[in-house]
Amino acid sequence: SGGPKCMEQPSFQVHEYNPNFFILRQSGCIHYEKPFLYLIFGRDKVLLEDTGAGEVNTAPVVMDLLAKWSKRNGRTTPPQLVVTHSHSHGDHVAGDKTFAGLPNVQLVPAKVDEIQKAFGLKTWPTDIASFDLGGRVVDIVPTPGHDIAGLALYDRQTGILLTGDSFYPGRLYVGDAEFPAFTASHQRLIDFTADKPVPKLHPVFTIGH
């Protein structure tokens, strides 16, 4: 994803994991982090995790995917898009501004109070919420430590666990003061997944790109 001829590269590589689950990889020609974004379709809503890094124009790419999905499924209008984040660091929220003001789009800022309000999490970070997309439920698991607004998402339909930057194959940055929250978050994930199938873990960042 990216180089050596950047002018010939799309801004995102799009992988259709299945007809209702898309994985987007941002081009390294735009930003060296090359983060992953995830798009999960339900009957009534679509959930997007993260919006990219740097000077990225994410909304047109995502809205085009929604339009194509709707056409393929005989829909006259796309489902509502809900934009959330794995955490609040700049390389995961940079594309937020491209969604601002778009019709039928709910942008959930990567702030604890906004996340709680959007997903009905009464007590942070111990509560776990179930978000119904319409015939498809995604569980919202708070994972502060790497970042105060960290989230993991569990898609019940595929069993995929999206871990954000709280778990990935490489050096992970957690400050001394945040380490108790980090360990508690991972215990929360262990307890949550103890009775659930998890065939795949997907981070939003991969060392070595």
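Trainee: In this predicted model, which residue lies over the face of Phe-192?
Mentor: A charge counts as sitting over a ring if NZ of Lys or CZ of Arg is within 6 Å of the ring centre and within 35 degrees of the ring normal. Over the face of Phe-192, the distance to the ring centre is 4.1 Å, and the residue is Lys-196.

Trainee: What is the geometry of the aromatic pair formed by Tyr-154 and Phe-192?
Mentor: The ring centres of Tyr-154 and Phe-192 are 5.6 Å apart, with 80° between the planes. Planes over 60 degrees apart count as edge-to-face. The pair of Tyr-154 and Phe-192 is therefore edge-to-face.

Trainee: Which elements hold Tyr-154 and Phe-192, and how many residues apart are they?
Mentor: Tyr-154 belongs to strand 9 (residues 151–155) and Phe-192 to helix 4 (residues 179–193). The pair links distant parts of the chain, its members being 38 residues apart.

Trainee: Are Tyr-154 and Phe-192 buried or exposed?
Mentor: Buried means under 20% relative accessible area. Both Tyr-154 and Phe-192 are buried.

Trainee: How many aromatic pairs does a search of the whole structure find?
Mentor: Rings pair if their centres lie within 6.5 Å. Searching the whole structure gives a total of eight.

Trainee: Why is the pair of Phe-21 and Tyr-38 edge-to-face?
Mentor: The ring centres of Phe-21 and Tyr-38 are 6.3 Å apart. The pair is edge-to-face because its planes are at 65°.

Trainee: Which residues do ring pairs link into a cluster?
Mentor: Phe-21 lies in strand 2 and Tyr-38 in strand 3. Phe-21 is buried, at 0% relative accessible area, and Tyr-38 is buried at 1%. The cluster linked by ring pairs consists of Tyr-17, Phe-21, Phe-36 and Tyr-38.

Conventions
Residues numbered from 1 in each chain as written. Predicted model: local features only at pLDDT ≥ 70, side-chain atom pairs only at ≥ 80, totals over all residues. Heavy atoms only, no water. Phe/Tyr/Trp six-rings, centres within 6.5 Å; stacked < 30°, edge-to-face > 60°. Helix = DSSP H or I, 4+ residues; strand = E, 2+ residues; numbered from the N terminus. Buried < 20%, exposed > 50% of the residue type's maximum accessible area, 1.4 Å probe, protein only.
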